[in-house]
Amino acid sequence: MISQYKTSQSLDGLECSVSARLGAIVTDADAETFRLDFLGKKGLLTVLRKSMGDFTIDERKTIGARINKIAAAAEEQFKTEFWKASAANAAAAAFDPTLPGLPLPKGSIHPSIQTTQEICQIFFDMGFDIAYGPEVETDHYNFEALNFAPHHPARDMQDTFFVSGDRDVLLRTHTSPVQIRVMEEVKNAGKNPPIRCIMPGRVYRNETITARSHCTFLQIEGIYIDKNVSLADLKGTLLGFAKRFFGENTAIKIRPSYFPFTEPSIEIDASCFLCKGKGCNVCKHTGWLEILGAGMIHPNVLKAGGIDPDVYSGFAFGMGPDRI
Ligand code: PHE
């Protein structure tokens with residue numbers, strides 16, 4: 001191809017056609033075609049410049065210099081007049097308004113919810129199912145079926161947000177009513193224990209708000225009902241949980257307690273994960289953290305859930321993930 005451009009006439013012709021084509025550019029598409037024909041990788045001027053090696057030294061001085069001049073001028077004019085148009089055009093062509101937008105950051109999961117999920121995962125791994133109950137409950141599920149005596153102080157205005165004037169509908173004060181709902185569900189499905197279930201959810205108490213307590217917080221309830229379930233099973237399960245949640249070297253301490261719905265009732269403390277039992281601000285210098293209330297499910301509660309306490313026994317526990 002280079003041999004065509006060895007005469008000065010042919011180079012005049014080349015110069016003419018380059019400037020004619022430059023002068024004829026009207027649209028962005030024309031500019032792009034020009035760029036491809038003359039200046040792109042396979043464009044005529046680029047190819048000619050790359051072929052200089054085929055010239056003799058003398059030819060390079062004359063013909064080569066001329067080609068360089070034509071190419072440099074064309075490039076210069078194209079860049080100043082048309083480059084922006086063709087670049088902008090390329091950018092516009094690359095923008096596809098039908099593509100989905102960039103996702104906006106969605107925030108993050110609250111520490112209380114994270115803790116709840118982590119705790120649920122540990123019990124889920126042990127074979128527990130997960131169940132949920134309503135936050136607006138009846139006196140029956142929140143108190144009556146859980147063996148609260150008719151005048152138990154927990155029913156008092158002090159602790160409970162009542163929804164109905166007759167005090168029959170209320171905001172649940174704990175997740176224990178879901179125990180009854182789960183037992184009923186199993187019975188209604190024509191099934192029998194074993195039941196292994198954890199029940200996370202929000203609860204409400206009419207209490208003064210302080211730095212350490214709120215009128216609404218989260219709880220996670222757990223039950224295991226089967227033949228021959230004992231306090232040893234409760235202890236083993238919760239020690240296993242504490243070790244997985246707080247660390248392998250965690251110890252637990254069991255204290256006697258009282259809840260109407262469990263007999264015997266206990267409270268469990270875990271050795272403080274921060275000071276490892278030495279005493280610090282978090283454990284109020286005791287070396288121990290109160291983590292949950294628990295016990296063997298009271299026979300009256302099993303009965304209320306439709307389960308025969310002469311055949312089955314079970315344990316229950318309730319913990320506060322906000323606190324944990
Ligand atoms: N429901 C009790 C509370 O809110 C906790 C608990 C659950 C205790 C299950 C024993 C068994 O304090």
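This note goes through the sheet, the helices packed on it, and some local backbone and surface features of a predicted model.

1. The sheet. Start with the strands: 7 of them form an open sheet, in the order β1-β4-β5-β9-β8-β7-β6, and the pairing is mixed. The edge strands are β1 and β6 (252-259), each of which pairs on one side only. As background, strands of a sheet pair through backbone hydrogen bonds, and the pairing is either parallel or antiparallel.

2. β7 and β8 are paired in the antiparallel sense, over 8 bridges. To find one of these positions in the structure, look for Asp269, whose bridge partner in β8 is Glu290.

3. Helices on the sheet. Helix α7 packs on the sheet and touches β4, β5 (216-226), β8 and β9 (313-319). The direction of α7 makes about 140° with that of β4. Helix α8 (residues 231-246) also packs on the sheet, where it touches β6, β7, β8 and β9. Its direction makes about 30° with that of β9.

4. Cis peptide bonds. Pro193 and Pro194 are joined by a cis peptide bond, with omega at about 15°. Pro194 lies in the loop between α7 (177-188) and β4 (195-204). The peptide bond from Glu263 to Pro264 is cis as well, and here omega is near -5°. Pro264 is not in a loop but in strand β7 (residues 262-271).

5. Positive phi. Which residues other than glycine have a positive phi? Lys276 has phi near 55°, and Lys284 has phi near 50°. Lys276 sits in the loop between β7 and β8 (288-297), and the loop between β7 and β8 also holds Lys284. Lys276 has 63% relative accessibility, so it counts as exposed. Lys284 is exposed too, because its relative accessible area is 55% and the cut-off for exposed is over 50%.

6. A nonpolar surface patch. Phe124, Ile130 and Tyr132 form a nonpolar patch on the surface, and together they have about 350 Å² of accessible area. Tyr132 belongs to the loop between β1 (129-130) and β2 (136-138). Is Tyr132 buried or exposed? Tyr132 is exposed, because its relative accessible area is 64%.

Methods
Residues numbered from 1 in each chain as written. Predicted model: local features only at pLDDT ≥ 70, side-chain atom pairs only at ≥ 80, totals over all residues. Heavy atoms only, no water. Helix = DSSP H or I, 4+ residues; strand = E, 2+ residues; numbered from the N terminus. Buried < 20%, exposed > 50% of the residue type's maximum accessible area, 1.4 Å probe, protein only. Patch = residues over 30% accessible without salt bridge, like charges linked within 9 Å, V, L, I, M, F, W, Y side chains within 5 Å. Areas by Shrake-Rupley, 256 points an atom, 1.4 Å probe, with all protein chains shown as cover. Salt bridge = Lys/Arg side-chain N within 4 Å of Asp/Glu carboxyl O. Pairing = 2+ DSSP bridges. Contact = heavy atoms within 4.5 Å. Axes fitted to C-alpha atoms, helices over the stretch in contact; angles between N-to-C directions.
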